[in-house]
Structures are given as C-alpha cells and as structure tokens.
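Student: I have a new structure open and I'd like a quick tour. Can we go through it piece by piece?

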Amino acid sequence: MSDKSGGSTKQNMSKSAPVESKGPRKIKALPSRPVNNIRDNTFWYSDGNIVIQAGVKLFKLHASRLQRFCVYFKEMVDLDGGDAKRIEACPVHNVPQGATAEGFKAVLYVVEVPFETFTSKLTLPGIIAMLEAAHLLSCNSALHVAKRRLATVWDPHPVPARPDPENVIPYTSTIATIHRAGDYNLFSIEKRAFYELLSSENYWQAYFHTNRESIDLSAYDRERLLHARDVLGRWWREFVLTPPEATQRGNPATGRTKCKWCTYKVTTERERVWRLFIIGKGDLEHGALDPLRYNLVDLRRQDLLNEWWCMDCLRNKENAWKAKTVEWWGY
Ligand SMILES: [Zn+2]
C-alpha cells in the first residue's frame, strides 16, 4: 500500500535531491509522469521479456523464471501476450486479484535473490502481504518463507514473551494475522495472535468505545475473545489476591507461618496487608489485562520489600505466577 501512496514521488525526488538531506529545502516541481506507471527500481531487468503489473507498480522480469517458481504463471495459457498491452515490446500481465505490489515484490525477492536478509526486515503487514501473494501465485518457496517469518514474529512458545516496546504491532495487523493464520492452518500462531489482541488496549478501546462492527473480526471471534478475557481476568484476580505462600507453613491450628523474615506471620494479617497493597497499586486490574506477562513481583519488588515482605515469600509468589502462566496458556 505504501507503494501506492508515495512510490512515484519518492522515486522522482531521489533523482533530483538526496532523500537523506536534512533541514528545509526547496522542492522543485516534478516532471509530470503518469502515476499508474511506476517501474520498480529493483526488479526492472533490461533483458526481461515480460512485464508484470501489481497495483500501480510494474516489474520487468524473465518469464521462464516466473514460470518455474509460480504455478500461477506456469498455468497462464497465453504468457507471450497475444493482443496484450506491451511495454518495451514485452507483454504486460497482472498479478492475481488480491496480491499487492508489496507482497509480489517480497515474493520476487525469494525467487530472484538470496532472501534471508530481505525477509528479515519485513514488518508484519509486509509478511502478511507476502503470504497472500505467494498463496495466490502458488509460489511454494515464498509461502514457506512467509510462514516461517510469521512464526518468528509470533513466537509460538509456551508463554508469550513481553512485547517489544520499540516494535508495537497495531491491533489491525494482529487481526490480519488471525485471518491468515486461519487460512493456512497455523494454529499456534493464531492462538498467539489472539492473546496479543486480548492484551491490546487499543483493541478493547475500539471494542467498547468506538464502532464494534468496524472491527474486522467475526462476531463469533469477538465473543470468544471477550469470554477469554473474562476468564483469564478471573483467574488473575484470584491468583493475585492470594498472599505469597510462606516457605515454612508453621502450625495451621494457630494460623501462624514460620516465615523467619516476613513481618506478617498470622495468615489473616498476611491476607489483609497483601490485598490492600495489590488493590492500592492497581495491580488487580492492570494485571488482568495481560496476566501472562504481568510479573507482579518483578514490577513491585522494592515496594514489597519496603512493606516488609521477605525475599523468600516474594520468590514463592513469582514462581507460583510462572507456573500459573503455563497452566493458563494451556500447554
Ligand atoms: Zn516471608
């Protein structure tokens, strides 16, 4: 999509002035050029014999290579063009409907050049565009790469890792992942993407406060997500309101723990002080929004030590949370 919005301007400007130049500068009037005729600057081979159009972009390529890697082109009856429009004497063909220029170009990288360096730079929407284009073109090698890249972004390991604050994925991209993962039976990725949505503030903002119908998820999936959020939230609240287990339990009859270090030794007192802290700090509700990643003890360690909870008890609570996350995630 970025190709459509800025492709021609960027390309033309790069010829008159370096794009990197800083500070105010005069932009000369650009020579007029049809906006629907943007030649890709990477894939425009002077000895190519076919032009492929994807959106507003044109790619001049080798037909034999395209046919070797993409079943779609292999099965095209009249690849030489016949009466087709021609550019530089090459017949012009379109990519299948639904494939974008960005996705097609990503597929070309796999087919035409060593791909690892390029695909590792793709953003999530880029990977999804590639997945779709590869699927529509029946290009197995690119499909394989796209799936592998998707699995890397959405780490399917037991418990989702803390999101990278530098690289926040918009919830709309997460929804696109859910759709594609469903299409290609990538169940672990779908599950992981569902959790990302479940813990996305922006998603719930849209769900509760703007037009719910505008969210590109089926009513069934939206309900499923709401239910999962309620259940996980309930589990979290139950867990987090329970005070840490003392390393040595002491005598249940007296209700006293044998924790050497904690100030709070009587069970009822431990419960009262702990709950006040959790509710007062807002962890009861904040944690419920992302219970698999909300490491309470790690976040509040110093405050809890200042409140005279001991290291051993805090370690017990943190370990209990780690065990719970595995149980809640369902592996
Ligand atoms: Zn203790």
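**A contact to start from**

Tutor: Setting aside neighbours within four places in sequence, Phe-239 is in contact with Trp-321 and Lys-324. Keep in mind that this is a predicted model.

Student: Which helix is Phe-239 found in?

Tutor: Phe-239 belongs to helix H11, residues 219–240.

Student: How exposed is Phe-239?

Tutor: Phe-239 is partly exposed, because it has 18 C-beta neighbours inside 10 Å. A residue needs 20 or more to be buried.

Student: How far is Phe-239 from Leu-284?

Tutor: Their C-alpha atoms are 9.6 Å apart. Along the chain, Phe-239 and Leu-284 are separated by 45 residues.

Student: Let me zoom out. How many helices and strands does the chain have?

Tutor: There are 15 helices and 5 strands.

Student: And what share of the residues count as buried?

Tutor: The chain has 331 residues, and 29% of them count as buried.

Student: What about contacts between residues 24 or more positions apart?

Tutor: They account for 61% of the chain's contacts with a separation of 6 or more.

Student: Now the helices. How do two packed helices get described?

Tutor: By the angle between their axes and the distance between the axes.

Student: What does Lys-147 touch, not counting residues up to four places away in sequence?

Tutor: Lys-147 touches Leu-131, Tyr-184 and Leu-186.

Student: And how far apart in space are Lys-147 and Arg-180?

Tutor: They are 9.9 Å apart, C-alpha to C-alpha. In sequence, Lys-147 and Arg-180 are 33 residues apart.

Student: Back to H6. At what angle does H4 cross H6?

Tutor: At roughly 75 degrees, with the axes coming within 7 Å. H4 is residues 101–112. The angle makes H4 roughly perpendicular to H6.

Student: Which residues make the contact of H4 with H6?

Tutor: On the H4 side they are Glu-102, Gly-103, Phe-104, Ala-106 and Val-107. On the H6 side they are Gly-126, Ala-129, Met-130, Glu-132, Ala-133 and Ala-134. The contact of H4 with H6 has 7 nonpolar, 2 polar and 2 charged residues.

Student: Which residues touch the most other members of the largest nonpolar core?

Tutor: Val-107, Met-130, Ala-133, Ala-134, Ala-142 and Ala-146 do, in a core of 55 residues.

Student: What is Val-107 in contact with, beyond neighbours within four places?

Tutor: Val-107 is in contact with Met-130, Ala-133, Ala-134, Leu-137, Cys-139 and Ala-142.

Student: New pair: H8 and H9. What is their packing angle?

Tutor: About 155 degrees, and their axes are 9 Å apart. H8 spans residues 171–183 and H9 spans residues 187–198. H8 and H9 are therefore roughly antiparallel. Their crossing is left-handed.

Student: Which residues of H8 and H9 make the contact?

Tutor: H8 gives Tyr-171, Thr-174, Ile-175, Thr-177, Ile-178, Ala-181 and Gly-182. H9 gives Ile-189, Glu-190, Ala-193, Phe-194, Glu-196 and Leu-197. By class, the contact of H8 with H9 has 8 nonpolar, 3 polar and 2 charged residues.

Student: What is phi for Glu-88?

Tutor: Phi of Glu-88 is near 50 degrees, a positive value. Glu-88 is in the loop between strand S4 (86–87) and strand S5 (90–94). Glu-88 counts as exposed, because it has 12 C-beta neighbours inside 10 Å.

Student: And Ala-89, where is that and what is its phi?

Tutor: Ala-89 is in the loop between S4 and S5. Phi of Ala-89 is near 70 degrees, a positive value. Ala-89 is exposed, with 8 other C-beta atoms within 10 Å.

Definitions and conventions. Residues numbered from 1 in each chain as written. Predicted model: local features only at pLDDT ≥ 70, side-chain atom pairs only at ≥ 80, totals over all residues. Core = buried A, V, L, I, M, F, W, Y, C linked by C-beta atoms within 7 Å. Contact = placed C-beta atoms within 7 Å. Axes fitted to C-alpha atoms, helices over the stretch in contact; angles between N-to-C directions. Helix = DSSP H or I, 4+ residues; strand = E, 2+ residues; numbered from the N terminus. Parallel < 35°, antiparallel > 145°, perpendicular 65-115°, else oblique. Left-handed = near helix turned anticlockwise from the far one by under 90°. Nonpolar A, V, L, I, M, F, W, Y, C, P; charged D, E, K, R; others polar.
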